[in-house]
Amino acid sequence: MIEGDLDISIIGLPESGKTTLLAAIWHVVREGGSDTALKFQGLSRGNYEHLNTLAVDWRKGKKPQRTQTSGMKLVSMRLKDVYDRTVSVSFPDIPGEDFSRMWEKREFDEETFKSLTTPAIVLVVNGDTIRFPAWIVDQMAIVKGAGLQVEEAEVVDWRAELAPTQVKVVELLQFLMSRELNVGQRRLAVLITAWDQVEGDGMSPAEILAVKLPFLDQYLRNGRDPWTWRVWGISAQGGVYEDQEKDEFLKETEALRDLDRPSDRIKVVDGEIVRSDITLPLEWLIE
């Protein structure tokens, strides 16, 4: 394990699950009696109130309030392993909108720049909201195969925000390996979130990556850029959460609240192995 300070940045598009991931980590590393690879030792930078609010909502099964569309909250915590070796891990909770801006406008501010030169990256991709490429030929074939009449469609101007998920993500990773952001060899933990929603597909995280995000899979496997990477399936929620703004009450969420230990709702899938220790990808990043 690396001794001393190590920064880890969490990146992902809007609604990818970054805030929920941070809330779950904050709860788990401080939960009494939890069996985790890394445990909490102290907070170097950040706001306890902000983190505790996220964790309270997480425990209650409530969707977190949307991260501000500009700026970021930097959290830096000291974690230790079973041998009492410590590491300082920083989580710049960068809004997904900032990453969209990088893709659409090719720009980022100074604070974002600093956070993106870290030697370890957590890439969060929501497995349940992947935007797939839409081929006109394929859509026409489906319409004709169903015996429907082909109608003249309205012309829609292309916009960067309409690009498939994997195109945006690969471009972001290439940004991190180009020009002033290029700091050489880096570690990358790819987390496919909302695993409780995609596990019914019967595929492993690696298979989901290859089937649903083939462009990203090929980019990483080709080794064009020096990433040392690994993929996990993550369910930080364990199920559906209630929308606070809509005053929802869901039986599935109530079942999560009834668990003796909130951390039991977590699923961390590594190949065929399923655990509830959400710090495992972090442990791998700092090995």
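Reader: Why is Trp-232 called buried?
Author: In this predicted model, Trp-232 has a relative accessible area of 2%.

Reader: What makes Trp-284 buried or exposed?
Author: The value for Trp-284 is 8% relative accessibility. The cut-off for buried is under 20%, therefore Trp-284 counts as buried.

Reader: How many aromatic pairs does the structure hold?
Author: There are 3 aromatic pairs. One of them joins Trp-26 and Tyr-48, whose ring centres are 5.6 Å apart and whose planes stand at 65°.

Reader: Why is the pair of Trp-26 and Tyr-48 given the name it has?
Author: Rings pair if their centres lie within 6.5 Å, and planes over 60 degrees apart count as edge-to-face. The centres of Trp-26 and Tyr-48 are 5.6 Å apart and the planes are at 65°, so this is an edge-to-face pair.

Reader: Which parts does the pair of Trp-26 and Tyr-48 tie together?
Author: Trp-26 lies in helix H1 (residues 18–28) and Tyr-48 in helix H2 (residues 48–60), so the pair ties together parts 22 residues apart in sequence.

Reader: Are Trp-26 and Tyr-48 buried, exposed or partly exposed, and what makes them so?
Author: Trp-26 has a relative accessible area of 0%, so Trp-26 is buried. Tyr-48 has 41% relative accessibility. Buried stops under 20% and exposed begins over 50%, so Tyr-48 with 41% counts as partly exposed.

Reader: What kind of pair do Trp-232 and Trp-284 form, and what makes it that kind?
Author: Trp-232 and Trp-284 are 5.7 Å apart centre to centre, with 65° between the planes. That angle is over 60 degrees, so the pair of Trp-232 and Trp-284 is edge-to-face. The pair links distant parts of the chain, with Trp-232 in strand S8 (residues 227–235) and Trp-284 in helix H11 (residues 280–285), 52 residues apart.

Reader: Which residues form the aromatic cluster?
Author: The members of one aromatic cluster are Trp-26, Phe-40 and Tyr-48.

Reader: Why is the charged end of Arg-187 said to sit over the ring of Trp-284?
Author: A charge sits over a ring if CZ of Arg is within 6 Å of the ring centre and within 35 degrees of the ring normal. The charged end of Arg-187 is 4.5 Å from the centre of the Trp-284 ring and sits over that ring. The charged end of Arg-265 likewise sits over the ring of Trp-58, 4.7 Å from its centre.

Reader: How do you know that H2 has a span close to the expected one?
Author: H2 has 13 residues and reaches 18 Å from its first C-alpha to its last. The expected value at 1.5 Å a residue is 18 Å.

Reader: Which residues of H2 are buried, and where do they fall seen down the axis?
Author: The buried ones in H2 are His-50, Leu-51, Leu-54, Ala-55, Asp-57 and Trp-58. Seen down the axis of H2, these buried residues fall within an arc of 160°, so they line one face of the helix. Just after H2 comes Gly-61, with a positive phi of about 75°.

Reader: What makes H1 mostly covered?
Author: In H1, 11 of its 11 residues are buried. Among them are Lys-18, Leu-21, Trp-26 and His-27.

Reader: What is noted about the phi of Glu-15 and of Asp-247?
Author: Most residues other than glycine have a negative phi. Glu-15 is not a glycine, yet has a positive phi of about 65°. Asp-247, also not a glycine, has a positive phi of about 55°. Glu-15 is in the loop between strand S2 (8–12) and H1, and Asp-247 is in the loop between S8 and helix H10 (251–257).

Reader: Where is Ser-204, and what does it touch?
Author: Ser-204 is in the loop between helix H7 (195–198) and helix H8 (205–212). Its relative accessible area is 12%, so Ser-204 is buried. Not counting residues up to four places away in sequence, Ser-204 touches Trp-195, Gly-271 and Glu-272.

Note on methods. Residues are numbered from 1 along each chain as its sequence is written. This is a predicted model: local features need pLDDT of at least 70, side-chain atom pairs count only at pLDDT 80 or more; totals for chains, interfaces and linings use all residues. Side-chain values use heavy atoms; hydrogens and water are left out. Rings of Phe, Tyr and Trp (its six-membered ring) pair if their centres lie within 6.5 Å; planes under 30 degrees apart count as stacked, over 60 as edge-to-face and the rest as tilted. Helices (H or I, at least four residues) and strands (E, at least two) are DSSP runs, numbered from the N terminus. Buried means under 20% relative accessible area, exposed over 50%, partly exposed in between (1.4 Å probe, protein chains only). The expected span of a helix is 1.5 Å times one less than its number of residues. The arc is that of the directions from the helix axis to the C-beta atoms. Contact means heavy atoms within 4.5 Å.
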